[in-house]
Amino acid sequence: MEIKDITFSYGDKINRLHQISGEIEVGKITTIIGPNGCGKSTLLGVMSSNYLPQQGHVLLDGKKIGDYKPKELARKLAVVHQQNGAPLDMTVERLTAFGRLPHRNMFSSLSDQDEEAIEWALSCTNLQDKRHITLDSLSGGEKQRVWIAMALAQNSQFLFLDEPTTYLDIYYQYEILDLIKRLNLEHGLSIVMVLHDINQAIQYSDTIIVMKDGKLVIKGRPEEVISEQLIADIYGIEVIVKSDVRTGLYIVPIKS
Amino acid sequence: MKKRVFSFMIVTLLLIFVTIYSATTGSIKVSSVELIHGLLTGTNDDVQVIKDLRLPRILISLFAGAALSVSGALLQAVMKNPLADPGIIGVSSGAGFMSILMVTIFPTLFFYMPLFAFLGGAFAFFLVYTFSWKSGLNPLRMILVGVAINAVFSGLSQSFNYRGSYAVTSISAATTSNLSMKTWNDVGVIVIYGSIGLIMAILVYSWCNYLALEDKTARNLGLNVNRARLIISIVAVLLASVATAIAGMFAFVGLLIPHIARLLVGTDHKVLIPFSALTGALLLLIADTLGRTIIAPNEIPASILLAVIGGPFLISLLRKSDRIYGN
């Protein structure tokens with residue numbers, strides 16, 4: 001996937017994204033980080049065709065994503081949004097089956113292929129035993145896994161996640177991140193996600209994209225990108241970057 | 001699952017029972033055996049009167065009730081708001097106003113009244129939708145805008161009552177909301193347009209289900225969200241307009257019924273739409289039958305009975321509206 005010279009604003013004069021270019025590698029985990037309001041979720045929105053950029057375009061398999069039909073795009077790219085709502089009496093299995101929408105006609109019933117994809121999505125997210133449970137009796141972490149299962153049922157090459165760990169406690173945060181890592185390693189999904197926690201971004205990403213004020217500051221492997229100077233420039237806080245055999249690279253803020 | 005089957009059975013049985021009761025009770029009383037025998041042979045004078053006066057009324061109540069409650073269920077799906085109801089947000093009064101206006105100007109086009117009603121209903125819905133859209137549909141803003149639109153169109157319609165033309169007021173169901181004096185021609189119109197609308201409503205059930213997700217989520221699943229919204233809205237307006245043109249204005253049916261239906265059979269529109277149709281038909285028929293029997297020989301219009309039940313219900317829904325579609 002290629003991002004070419006994207007400029008975007010929400011109709012006001014401020015450019016939320018300013019001339020962003022870059023390539024998203026297939027089969028890798030790419031994480032976008034940056035301070036609040038830097039445009040990271042907006043960039044994800046443009047890349048998933050939810051927002052139309054004023055300038056530039058995003059290419060997927062050599063074709064502009066704006067030129068894809070909605071279902072055609074949904075077969076290549078699935079998105080787990082930060083905010084999700086569904087009727088509370090919806091069961092896990094029914095919601096997961098929604099992910100088959102791009103593979104179905106309006107009136108067709110579920111094919112064997114659909115059933116298989118739903119089964120696979122439920123097993124990846126470890127929800128087989130909960131398939132008949134309704135959403136209102138799931139924990140926060142389980143709910144997030146259902147939304148991931150729905151996206152997985154789309155059988156797409158790309159999986160986008162907008163702050164998938166927000167609202168979760170640390171146990172569930174790592175459960176979700178491990179799931180994402182597993183999907184990438186075992187099933188070869190190309191992941192693009194937005195994260196707030198820099199240490200999690202370092203731990204789980206192949207590539208980090210750092211943004212500030214709607215501009216792409218730097219893109220590269222975590223070790224190349226993350227430095228004390230960068231964090232000071234981007235977030236305005238002083239940190240120490242350390243490395244440990246067991247943890248790898250990590251940052252710790254210091255009190256001023 | 002059991003609850004669903006049970007609910008369907010109860011409502012179907014009640015519907016059959018109330019239909020028979022309604023057909024045999026009133027100023028002329030016959031037994032159900034006499035009724036069926038009379039209908040088949042055409043020899044019983046009482047039954048002929050019932051056939052001419054009471055049966056059209058029953059059929060129209062059934063179809064209008066079904067159409068209005070399904071219209072409500074569809075509008076609620078489109079607007080993601082359990083408070084949407086064609087009567088409350090002005091679709092019905094828009095439809096009523098347009099049909100009375102056109103019939104006044106072109107009295108010969110009486111047959112096309114449902115079409116004019118549809119145009120008026122669509123216009124009212126368009127106004128409510130555009131004025132209440134402000135980076136998303138806020139439920140309360142929508143109700144407020146709807147009340148205003150409703151007031152304007154109701155007022156315009158009522159102005160015809162004071163024009164002194166008896167012909168207009170008697171010709172238009174929309175101003176009187178009275179189910180008496182219905183003919184088999186009226187039945188024909190509501191059965192044809194109503195059936196088309198109800199079948200289309202059942203066909204779009206999956207879109208209604210997807211729209212319960214966030215718009216972004218539905219779009220990334222490959223749903224053409226705007227097109228789905230537009231088509232569902234057209235079906236909803238069609239149903240409400242036909243009911244209004246033939247039967248009159250009934251507020252709250254589209255609000256009460258889908259709400260009760262959701263409690264009984266859940267939020268899946270595959271079940272919710274047919275169940276709302278059956279229950280809506282039942283409610284309107286009960287209201288009309290009660291209205292013409294409790295203080296016979298006088299009548300209380302069904303619309304008034306429904307408004308009296310519906311008002312308090314709307315208040316209780318408003319007070320807990322955030323819980324219905326909440327996360």
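In this predicted model, the two domains of chain A meet through 13 residues of domain 1 and eleven residues of domain 2. The domain assignment places residues 1-76 together with 156-227 in domain 1 of chain A, and residues 90-155 in domain 2 of chain A, and the centres of these two domains, taken over C-alpha atoms, are separated by 24 Å. On the side of domain 1 of chain A that touches domain 2 of chain A, the elements that give two or more residues are α2 (70-74) and α6 (170-187) of chain A, and of these α6(A) gives the most, with five residues. By class, this side of domain 1 of chain A consists of nine nonpolar residues, one polar residue and three charged residues.

Chain A as a whole contains nine helices and twelve strands. Its radius of gyration is 19 Å, close to the 18 Å that the globule rule gives for 256 residues, and chain A is therefore as compact as a globular protein of that length. Taken along the principal axes, the C-alpha atoms of chain A fill a box of roughly 60 × 40 × 30 Å. Of the 256 residues of chain A, 39% count as buried, and among the contacts in chain A with a separation of 6 or more, 64% are accounted for by residues 24 or more positions apart.

The largest nonpolar core comprises 166 residues, and those with the most contacts inside it are Ala64(B), Ala67(B) and Leu74(B). Helix α3 of chain B, which spans residues 45-79, gives the most to this core, contributing 18 residues. Because domain 1 (1-76 + 156-227) and domain 2 (90-155) of chain A both give residues to this core, it lies between them. When residues up to four places away in sequence are not counted, Leu74(B) touches Ala201(B), Cys208(B), Ile232(B), Val235(B) and Ala236(B).

The contact between the two chains takes 17 residues from chain B and 20 residues from chain A. On the side of chain B that touches chain A, α10 (205-211) and α11 (215-220) of chain B each supply at least two residues, and the largest share of this side, four residues, comes from α11(B). The residues on this side of chain B divide into six nonpolar, eight polar and three charged.

Methods: Residues numbered from 1 in each chain as written. Chains lettered and ligands numbered in written order. Predicted model: local features only at pLDDT ≥ 70, side-chain atom pairs only at ≥ 80, totals over all residues. Contact = placed C-beta atoms within 7 Å. Nonpolar A, V, L, I, M, F, W, Y, C, P; charged D, E, K, R; others polar. Core = buried A, V, L, I, M, F, W, Y, C linked by C-beta atoms within 7 Å. Buried ≥ 20, exposed ≤ 12 C-beta atoms within 10 Å, placed from the backbone. Domains from an automatic or database assignment. Rg over C-alpha atoms; globule rule 2.2 N^0.38 Å.
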